[in-house]
Structure formats: C-alpha cells, structure tokens
Amino acid sequence: MADHLNANGTETKVCNLQCIDLSNPDIHQSAALIKQACLDTGMFYVINHGISNEVMDEAFAQSKKFFGMPESEKMKILWNKNHRGYQPPVQKDYVESYTAGVRAHEDDPTNIWPPTDILPRWKEAMQRYQRETFNVGKTLMKLVALALNLDIDYFNQQKMLGKDTASICTILHYGDQESDSTKEKLGAVGHTDAGLLTLVATDDIVGLEVCRDKYSKPEVWECILPKKRAFIVNVGDMLQRLSNDSFRSIFHRVVHREDRYSIAVFLIPAYDCVIECLPGQKSKENPSMYSPITFRDFVNSRFMEVATGEPLNSIENANIISSKLVDRGLA
C-alpha cells in the first residue's frame, strides 16, 4: 500500500493489518489468522462484529456531546480514586478523556456519569456500546485461546474476563487548538497497553501510528488507517506475558492534525489476578521470560518505569528498578 500523505506534505508508511471477519463460521481459521497477526504486528482489524451501525454512531454522537459540554460541567465528574470519570487536557496539543468500568451484564458501581438533565441519553447509549464491545472482546479472546492451544473458554474465568474483570472503556477527544492544521500534535505518546486486548473504534481521522521496534533509534513509525465501523485491536502487555513474548504488545501513539474522536475498550484481568506464562508457551529450551506477577503489581511497575527510566522487560531489570527506588527513597 502507498504511503499516507500528511497534511504538512510529509509521508508516513502505512502498516497493512490482518482483517478478522467475525462472521466467518470457521473459528479455527479465524484463530489462525489472529495468531499470525499477534505474532507479526500485534494489531489487526475486526469487521462484521455484530454491533449495529446505530449503536456505534450513537456512541460517537454522545461522545461529541459530552466533550462539547462546558468545562465546569465536565469537572463535576472529575477522575476519582477508582480511576473513573473525566480527565481534562494537560497541554496545548491535548487529549481529554472519560473512563468507566465495563461489565458484561451490570453497571460497575464505581462509575460516575454526567447529569441526565444535560445529557439524558448519554448513560444508556454508552453502557450499551460498552457492553456490546466487551462481548465482542470476549469472542476475540476465545479465538486467542484457540490460537494458544487453550480451552476456548480459558479467558472467561472469574479473574480474567469474568465477574472480577477490571475492564474499562475510555472515550477520547484529541483536540485541535492550533490554527495551523499542518502541524502535528502528539495526542498520545508512544506506549503499550497493559491489559489483554484493546478494541478501538475511531472516526475517519488518521492519527494512530505503530512502531514495530520501540528500542530502535530513531523510532520508525507506521500509519494505521481508520476502517469504517471496524475495530482496531491490539495486543496488551498481559497477553504478551502469558504467551511468553510470542504475541507482541505493539508500541503505538496518536499524532493528530485536527479534531479526532475514538472509543477504546480495554480487556483487563482482576487486579489480584496472577499473570504467568501459560504452560504450553514455555519449555526447557524456551523458559519463561517473566516471573509471575499480579496485574496490580504490574501496573505499579509501570509507574516505576517512569520514576527510574528503566524498562521492566526482564526479571533482572525488575531488580535494578527496585534498587533505584530504594536509592531514591521511593520504596
């Protein structure tokens, strides 16, 4: 595929992704395609997922209404200790967001919602979108289970995607505060996602980019083109650990040049779920790359990376990080 021509005249290579069709009755074929995508880029499209156009369009319409509210109204549901609510922009080239917990059949009691007198249809529309997308995610994880030679319902256990799941939905608005539309704005710095899988729906504005090797200097970024009403799905760090690094948690960012909206559902295990290499993914010749860790401790380790500048990509580096935190009085 040809490179994508940016508004400022530069070009970015387009990353060609595998496309998974959930209407395909051959689940083993779909599992094989997902496996190849996870081994290659760690990202793929999902089409024919069963969510109606009306549900997706309404979710985006309500997202725009939410972010269009006065700042004073949005600040009434500010991000809280449960990591729910509104996060305002922190810089000029900014992104603002709202996060809610996602469960399959009930509301997460820790969620906080905009007032119904201002956005009367917002909660209902977003809950429906969140639940339907979460269920698509559970379907994808069944295919992932088959790809890893597991029982098809392996990830439906209570502390993965069952009753105790910590999965969330975040709606995002990448704002355009500059008069110069050719200027690139870094809406989300390069990162990997911490969970199992992330399902992202976007508008038709180009912005998502991936870097196949996050340690390369300079970093080489490739553009992910939006696909109408499809999901862009990426592997998270927990799935990479479970697969003993065979599935790739892809390094990605958002560079935007105009207003852009997206909705991301993150499939996340319970915070006390122990993540360790799956039995079929290690051997004497290929031992586990990581020691077992709870999801809570892993999230805390991500903050350690920021504090120390050391990537937590091995057991040895974990010991280095611990030493640095002690030296700095942070542990």
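This is a predicted model: local features need pLDDT of at least 70, side-chain atom pairs count only at pLDDT 80 or more; totals for chains, interfaces and linings use all residues.

Visitor: Why is Ser249 called buried?

Guide: Buried means under 20% relative accessible area, and Ser249 has a relative accessibility of 10%, so Ser249 counts as buried. Ser249 is found in the loop between helix H5 (237-242) and strand S13 (251-256), where, not counting residues up to four places away in sequence, it touches Thr192, Asp193, Val235, Gly236, Asp237 and Gln240.

Visitor: What makes the pair of Ser249 and Asp237 a polar contact?

Guide: The cut-off for a pair of N or O atoms is 3.5 Å, and the side chains of Ser249 and Asp237 are joined by a polar contact of 2.6 Å. A polar atom of the Ser249 side chain also lies 3.4 Å from the backbone oxygen of Val235.

Visitor: What makes Arg229 and Asp57 a salt bridge?

Guide: A salt bridge needs a side-chain nitrogen of Lys or Arg within 4 Å of a carboxyl oxygen of Asp or Glu, and in the salt bridge of Arg229 with Asp57 the closest N and O atoms are 2.7 Å apart. The pair links distant parts of the chain, 172 residues apart, with Arg229 in the loop between strand S11 (222-223) and strand S12 (231-235) and Asp57 in helix H2 (residues 53-67). By this rule the count comes to 13 salt bridges.

Visitor: Why are Arg229 and Asp57 called partly exposed?

Guide: Partly exposed covers the range between the buried limit of 20% and the exposed limit of 50%; Arg229, at 28% relative accessibility, therefore counts as partly exposed, and Asp57 is partly exposed with a relative accessible area of 36%.

Visitor: How do the labels fall for Lys76 and Glu73, buried or exposed?

Guide: The side chains of Lys76 and Glu73 meet in a salt bridge (3.2 Å, N to O). Exposed means over 50% and buried under 20%, so Lys76, at 60% relative accessibility, counts as exposed, whereas Glu73, at 17%, counts as buried.

Visitor: What makes Leu267 buried, and what surrounds it?

Guide: Leu267, in strand S14 (residues 260-267), has 0% relative accessibility and so counts as buried. Leaving aside its neighbours within four places in sequence, Leu267 is in contact with residues including Phe134, Met141, Leu161 and Leu197. The C-alpha atoms of Leu267 and Phe134 are separated by 7.5 Å, although the two residues are 133 apart along the chain.

Visitor: Which residues touch the most other members of the largest nonpolar core?

Guide: Phe66, Phe155 and Phe231 do so, in a core of 65 residues. Helix H4 (residues 122-147) gives the most to this core, with 11 residues. Apart from it lies another core, of 15 residues, among them Leu17, Ala188, Leu208 and Ile224.

Visitor: How do you know that the span of H4 is close to the expected one?

Guide: H4 has 26 residues and reaches 37 Å from its first C-alpha to its last, which is close to the 38 Å expected at 1.5 Å a residue. Just after H4, Asn149 takes a positive phi of about 60 degrees.

Technical notes
Residues are numbered from 1 along each chain as its sequence is written. Side-chain values use heavy atoms; hydrogens and water are left out. Helices (H or I, at least four residues) and strands (E, at least two) are DSSP runs, numbered from the N terminus. Buried means under 20% relative accessible area, exposed over 50%, partly exposed in between (1.4 Å probe, protein chains only). A polar contact is a pair of N or O atoms within 3.5 Å; within protein, one must be able to donate a hydrogen and the other to accept it, and residues adjacent in sequence count only if both atoms are side-chain atoms. Contact means heavy atoms within 4.5 Å. A nonpolar core is a set of buried Ala, Val, Leu, Ile, Met, Phe, Trp, Tyr and Cys residues joined through side-chain atoms within 4.5 Å. The expected span of a helix is 1.5 Å times one less than its number of residues.
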